Amino acid sequence: MRPDAGTPMIELDNVSKSFGDAVAVDGISLNVPAGSLCVLVGTSGCGKSTTLRMINRLIEHTGGEIRIDGHQIRRFNEVTLRRRIGYAIQNTGLFPHWTVARNIGVVPRLLKWDKARTRERVESLMALLGLDVEAFAGKYPHQLSGGQAQRVGVARALAADPDILLMDEPFGALDPITRSSLQAELLRIQSRIRKTIVFVTHDMDEALRLADQIVVMQAGRIIQQGTPSEILAHPSDDFVETLVGGRDRGLKRASLTPVGEMMESLPDDGRVPAVHVLQTDSMRLAVSLMLWHGVSQLAVVDDTGETVGMLPLRRLVDDFGE
Amino acid sequence: MRGLRRYAPPLIWLLVLVLTAVYLSRLEPLFAWLEPDRQTVVYPRQSFVALLLQHAAIVAVAAALAIALGVGAAIGVTRRAGEEFLPLVSQLASIGQTFPPVAVLALSVPALGYGAEAVVVALVLYGLLPIVRNTLAGLQAVDRGVLESARGIGLSPWQTLLWVELPIAAPAIMGGIRTSVTINIATAAIGSTIGANTLGNPIISGIVNGNMAFTLQGAVLIGLMAVTVDSAFSRIA
């Protein structure tokens, strides 16, 4: 999806983890290219969290090899390794007795940055995540809403500017609206900072929205990996098909496809349909507009409001399906 | 200014305690009225100030040892290396609370003989229990997610303990220390029965000789000392 995604930043090579006789992760291999966002998705207990936590050695793998930037992670001191990898979890794990600013600044402090540099970094991260410095720097975690606390959690994970960010269901405990706005925020931030992100979720919609690469796991194994549109178009088995929503997936795919990819040029007679849609909007929205307004074609406009094409209903039927 | 106001109650109690210890003997007429048939109505053998200082010293040494041992044990058994001992220690801590202090004192005499050392040992043993119990409760109540993220972002085990676990558990730990010290201020008085010089001396002497005035003098000072220390803890914790 992203052309600059080059060498793998994180490589898992036939990695296993067993707890006694129980095998949690069974011989998985995975490459995460630098600057890409890889989502591990699956039901509870499929091994996705275990896989994530093996990358920063919160859990030691028992078989295979994990490499970061070409180096085996076992070579690093585990504490040093973790300070170089951002980590955000579902319930934020913010330190309740520390202010927001101190929470965000904890890893720079561990790395012995001087105070001025830490403060500058904390303030710029708060700005990046839409947290007003004046209002929030001195607050304690219990004074924050769920969404604000999670923003602080993400800011803390990014504080020491790590190349890699591990996120374990970071938005799992949030209401749908807050979750959706944080997903949008994550995509916006990622387009600027281009970290290598491994993101765990059980929510396939979240995976489809965020991922460059989706890895579907079941019972400790990878059963399919690919881009969101590959997974939607060709689920490898019934399980993946169920995950991507079964017969609902036409709409899911539509929500991933921008109108601009499907539009046609304007007809020669110059008649422009009355209802319009942005070329960056999703096909799902386009369908919704057609249904709502009872029309069979839409005008497509760009950011400036200039009409750049049109979208007839027939395009959906003829070309959008498999 | 605000600091002064915050600490005013314990400071006032301390002032009352010191003044009482220094000037208690001036209240001779009052005690003479209480015990009209006695010639001596103010405990004569040591000054109250000396007894107060010795009492405080015994309690302080015992408290320091109990805090070090109790907090240390609770930290030890909540680490991965010591987790095998967690059930044992936490059971000992709850069973030990049901022991009467006099029994602990009586048991330490055969081991250490008479004197202040035996009292200190008894107080340490008795004072350990609330500290261990509260420290365990405080450490175990630290949110799992907080510990997980502390490890995950790269705090070493020591940093996790010092920056995260102990500060979060501090109110519970302080509560345990407060209970322990307050109980031991009272318990130390019994030390007089095994040869330590404490504010228990006038109390025991008063009981033995049937002189209520002596007993009252010891009891008032012990009471004031307990209130002073408790008041100080209520400001810190």
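**Three-stranded sheet, chain A.** I began with the open sheet of three strands in chain A, whose order is 11-12-13 and whose pairing is mixed; I keep in mind throughout that this is a predicted model. The edges are strand 11 (276-278) and strand 13 (307-312) of chain A, each of which pairs on one side only. From one strand to the next the twist averages 35°. I then looked up how strand 11 of chain A meets strand 12 (residues 297-301) of chain A, and found that the two run parallel and are joined by three bridges. Within strand 12 of chain A, the residue that stands opposite A:Val277 is A:Val300.

**Hairpin, chain A.** Next I turned to strand 9 (residues 213-218) and strand 10 (residues 221-226) of chain A, which pair in the antiparallel sense over five bridges. These two strands form a hairpin with two residues between them, and in the turn A:Ala219 has a positive phi of about 50°. I noted A:Arg221, in strand 10 of chain A, as the bridge partner of A:Gln218.

**Helix 7, chain A.** How far does helix 7 of chain A reach from its first C-alpha to its last? I find 19 Å for its 13 residues (146-158), close to the 18 Å expected at 1.5 Å a residue. Eleven of the 13 residues of this helix are buried, so helix 7 of chain A is largely enclosed by the rest of the structure. Among the buried residues I listed A:Gln148, A:Arg151, A:Val154 and A:Leu158. The buried residues of helix 7 pack against several elements of chain A, including strand 6, helix 5 (115-128), strand 7 (164-168) and helix 8 (176-193).

**Nonpolar cores.** Which residues touch the most other members of the largest nonpolar core? Of its 128 residues, they are A:Val39, A:Val198 and B:Leu123. Helix 6 (residues 116-140) of chain B gives this core its largest share, 15 residues. Leaving out residues up to four places away in sequence, I see B:Leu123 touching B:Ile58, B:Val59, B:Ala62, B:Asn184, B:Thr187 and B:Ala188. I also recorded a second, separate core of twelve residues, which includes A:Val259, A:Met263, A:Met283 and A:Ala286.

**Contact between the chains.** Last, I looked at the contact, which takes 16 residues from chain A and 13 residues from chain B. On the side of chain A that touches chain B, helix 2 (78-83), strand 6 (85-89) and helix 4 (106-110) of chain A each supply at least two residues. I sorted the residues of that side of chain A into nine nonpolar, four polar and three charged.

Conventions
Residues numbered from 1 in each chain as written. Chains lettered and ligands numbered in written order. Predicted model: local features only at pLDDT ≥ 70, side-chain atom pairs only at ≥ 80, totals over all residues. Pairing = 2+ DSSP bridges. Helix = DSSP H or I, 4+ residues; strand = E, 2+ residues; numbered from the N terminus. Axes fitted to C-alpha atoms, helices over the stretch in contact; angles between N-to-C directions. Core = buried A, V, L, I, M, F, W, Y, C linked by C-beta atoms within 7 Å. Buried ≥ 20, exposed ≤ 12 C-beta atoms within 10 Å, placed from the backbone. Contact = placed C-beta atoms within 7 Å. Nonpolar A, V, L, I, M, F, W, Y, C, P; charged D, E, K, R; others polar. Expected span 1.5 Å × (residues − 1).
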